[in-house]
Amino acid sequence: MKMDTKQTKETPKKVTLKELIARKHEIEDQKNAKKDLYIKSLDGVITVEKPSRELCIDAMDMGAADGDKYLVYSCVIEPNLKDTELQKAYGCAEPMDIVEKIFESGEITQIAKACVFLAGYGDSVKMVDDIKN
């Protein structure tokens, strides 16, 4: 007799109202998520916060280059890129110019991607064939 060596994938369980109510505080805390990102050119870590839906939509409407710059400027909370002393030290004509003065072009794109992934614009939703009760 031959044994089936295939592993069966466990299907995710269905979310219930009771579970959503029990996880209310956890879900609300996720709305204010923050993440640290290592930046190679700075050889250090920055902190970004999860962008709002409106901020993501505004950035997408701006197009890739300007939208990425806008996301980075808006989501990096440490160091504070909006600090006028920092902007003055780097000779920024416009506040968002600080993004290109501090980060490499590729880093701007990667930081922006990390921010939108934090907001769920990535692989956070998948199709399920069979759902467990």
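This report describes the predicted model of a protein, from its overall make-up to selected residues.

## Overall composition

The protein contains 7 helices and 3 strands. Along the sequence, these elements follow the pattern α-α-β-β-α-α-β-α-α-α. Of the 133 residues in the protein, 25% are buried.

The contacts also show how the chain folds back on itself. Among contacts with a separation of 6 or more, 55% are made by residues 24 or more positions apart.

The 3 strands form an open sheet with antiparallel pairing, and their order is 1-2-3. Strand 1 (34–39) and strand 3 (76–78) are the edge strands, each pairing on one side only. On average, and ignoring direction, neighbouring strands of this sheet are turned by 45° against each other.

Strand 1 and strand 2 (residues 44–49) run antiparallel and are joined by 6 bridges. Within this pairing, Asp36 has Thr47 in strand 2 as its bridge partner. Helix 4 (residues 64–75) packs on the sheet, where it touches strand 2 and strand 3. The direction of helix 4 makes about 30° with that of strand 3.

## The hairpin and Asp43

Strand 1 and strand 2 form a hairpin, with 4 residues between them. Asp43 is found in the loop between these two strands.

Most residues other than glycine have a negative phi. Asp43 is not a glycine, yet it has a positive phi of about 50°. Is Asp43 buried or exposed? With a relative accessible area of 59%, Asp43 is exposed, because the cut-off for an exposed residue is over 50%.

## Helix 7 and its surroundings

Helix 7 (residues 105–118) has 14 residues. From its first C-alpha to its last, helix 7 reaches 20 Å, close to the 20 Å expected at 1.5 Å a residue. Just after helix 7, Gly120 takes a positive phi of about 95°.

Which residues of helix 7 are buried? They are Glu107, Ile108, Ile111, Ala112, Cys115, Val116 and Leu118.

## The packing of helix 4 and helix 7

Two packed helices are described by the angle between their axes and the distance between the axes. Helix 4 and helix 7 pack at an angle of about 65°, and their axes are 8 Å apart. The two helices are therefore roughly perpendicular to each other, as angles of 65 to 115 degrees fall in that class. Helix 4 passes helix 7 in a left-handed crossing.

Both helices contribute several residues to this packing. From helix 4, Asp68, Lys69, Leu71, Val72 and Cys75 take part. In helix 7, they meet Ile108, Thr109, Ile111, Ala112, Cys115 and Val116.

Ile108 lies in helix 7. With a relative accessible area of 8%, Ile108 is buried, because the cut-off for a buried residue is under 20%. Leaving aside residues up to four places away in sequence, Ile108 touches Asp68, Lys69, Val72, Val99, Glu100 and Phe103. Ile108 and Tyr70 are 38 residues apart in sequence, while their C-alpha atoms are 9.7 Å apart in space.

Ile102 lies in helix 6. At 17% relative accessibility, Ile102 also counts as buried. What does Ile102 touch, not counting residues up to four places away in sequence? Its contacts are Ser41, Leu42, Leu81, Leu86 and Tyr90. Ile102 and Leu81, one of these pairs, are 21 residues apart in sequence and 9.3 Å apart in space, C-alpha to C-alpha.

## A cis peptide bond

Most peptide bonds are trans. In this model, a cis peptide bond joins Glu78 and Pro79, with omega of about 5°. Where is the place of Pro79? Pro79 is in the loop between strand 3 and helix 5 (84–89).

Technical notes
Residues numbered from 1 in each chain as written. Predicted model: local features only at pLDDT ≥ 70, side-chain atom pairs only at ≥ 80, totals over all residues. Heavy atoms only, no water. Pairing = 2+ DSSP bridges. Axes fitted to C-alpha atoms, helices over the stretch in contact; angles between N-to-C directions. Contact = heavy atoms within 4.5 Å. Expected span 1.5 Å × (residues − 1). Buried < 20%, exposed > 50% of the residue type's maximum accessible area, 1.4 Å probe, protein only. Parallel < 35°, antiparallel > 145°, perpendicular 65-115°, else oblique. Left-handed = near helix turned anticlockwise from the far one by under 90°.
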